[in-house]
Amino acid sequence: MTPEQLPGAPTPYDKPGDFIMTQFMRFVGIDVSKDHLDIHCLPDGLALRVANSGEGIGLLLQRIGALEGVAFGCEATGGDEDLLLIRLGQAAVPGYCRQPSDVRAHSRLTGKRAKTDRLDARAIAGALQVAVATRKPAIRAASLSAIKELTTLRRRLIAGVNELKSLRARMGDAGVLGTIDAMSDQHVKAVKALQAQIRSALAGHPEQAQRARRIASMPGAGPVLTAELIGSMPELGTLSARQAASLTGVAPHPRQSGNTGGTGRCQGGRAAIRRVLYMAALSVIRSQKQPLAAFYAKLRAAGKPFKLAIVAIMRKLIVTLNAMIKNDQDWQPETQS
């Protein structure tokens, strides 16, 4: 039985942010592996293991009982958690996905050093109790998962092309050069095929197609950035400006201690999004007609270094895109300065 078939289960949400947030009374920590989900509930201590499958997740939701006031949490594992988060989304229950470093930090704070799957599930539940106060539930959908996988593969192939180019520059044997050229051609063809698949995946889902069209209306937001944002940053449009910048890793965090005051430093965030956002920012500042190009020139004229100025453009881009999605508006030149 799938979560959406459970008796009394809430209807699936259609848009990010449709969860009705309540005062959580129960926290379900889930340690995810390829084959199993280890579960620990706080404060009652219920512990169980189910298969990491649709049937196993359905059984999990049946065992937990009434869903109102229950928060589910897991760690980011690189993809093994996607099915769990998709099924939680379909059942309209809040599922939080935390970084492993956050969970381990919470464990160290509470004096827990041992590590097993069951102990990890308990640690996730404990960290979840803290995270729900300031974090938003993760957003996963089957359509978004497909786009994310396609963009991830494209990213790897492009990295492979660049690596082959670097390798070719260090080689001299004609046979080796021919092999490298053939491999590069295969990679380039595969990238083009993936781009067509991404366009098809977006076109097949009207809501995502509308979202893509809106993102692409902003100068500098080409098809690569558009697909990456849809696949790897589904929270876009549900965040505050500060959260959007921080999630991308372009928000400066203060560094001050005692009488020592350092400049803010950007850290963390989603590297894949940050890389394509950097390329978008370069495209913007090279266009002398765009308002953000004038903003960049103003920063440089004021003596700001290149890195600081381009990060400021990246921050402007992601904050503006977040506001556009949140307000259901296309890019409007008269509002950008």
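Trainee: What volume does the largest pocket have?

Mentor: About 1400 Å³. That volume is the space filled by probe spheres set on grid points, which are joined across faces, edges and corners. Before going on, note that this is a predicted model: local features need pLDDT of at least 70, side-chain atom pairs count only at pLDDT 80 or more, and totals for chains, interfaces and linings use all residues. Residues are numbered from 1 along each chain as its sequence is written, and side-chain values use heavy atoms, with hydrogens and water left out.

Trainee: What makes a pocket a pocket, and what makes a residue part of its lining?

Mentor: The search runs on a 1 Å grid over the protein atoms alone. A pocket is an open set of points with protein on both sides within 12 Å along at least five of seven lines. A cavity is a set where a 1.4 Å probe fits but cannot get out. Lining residues have an atom within 4 Å of a point. Here 43 residues line the largest pocket, and Gln99, Glu235, Leu247, Gly269 and Arg270 are the closest to its centre.

Trainee: Which helix gives the most to that lining?

Mentor: α5, with six residues. Helices (H or I, at least four residues) and strands (E, at least two) are DSSP runs, numbered from the N terminus. The protein chain has 12 helices and seven strands.

Trainee: Why is Arg26 called buried?

Mentor: Buried means under 20% relative accessible area, exposed over 50%, partly exposed in between (1.4 Å probe, protein chains only). Arg26 has 17%, so Arg26 is buried. Arg26 is found in strand β1.

Trainee: What makes the pairing of Arg26 with Asp44 a polar contact?

Mentor: The distance between the side chains is 2.9 Å. A polar contact is a pair of N or O atoms within 3.5 Å; within protein, one must be able to donate a hydrogen and the other to accept it, and residues adjacent in sequence count only if both atoms are side-chain atoms. Arg26 also touches other residues, including Leu42 and Pro43. Contact means heavy atoms within 4.5 Å.

Trainee: Which peptide bond is cis?

Mentor: The one joining Leu42 and Pro43, with omega about 10°. Pro43 is found in the loop between β2 and β3.

Trainee: Is Ala190 buried, exposed or partly exposed?

Mentor: Its relative accessible area is 28%, so Ala190 is partly exposed. Ala190 is found in helix α6.

Trainee: How do you know that α8 is mostly covered?

Mentor: Eight of its 10 residues are buried. Leu225 and Ser232 are among them. The buried residues of α8 pack against α5, α6, α7, α10 and α12.

Conventions. Lists of a residue's contacts leave out its neighbours within four places in sequence.
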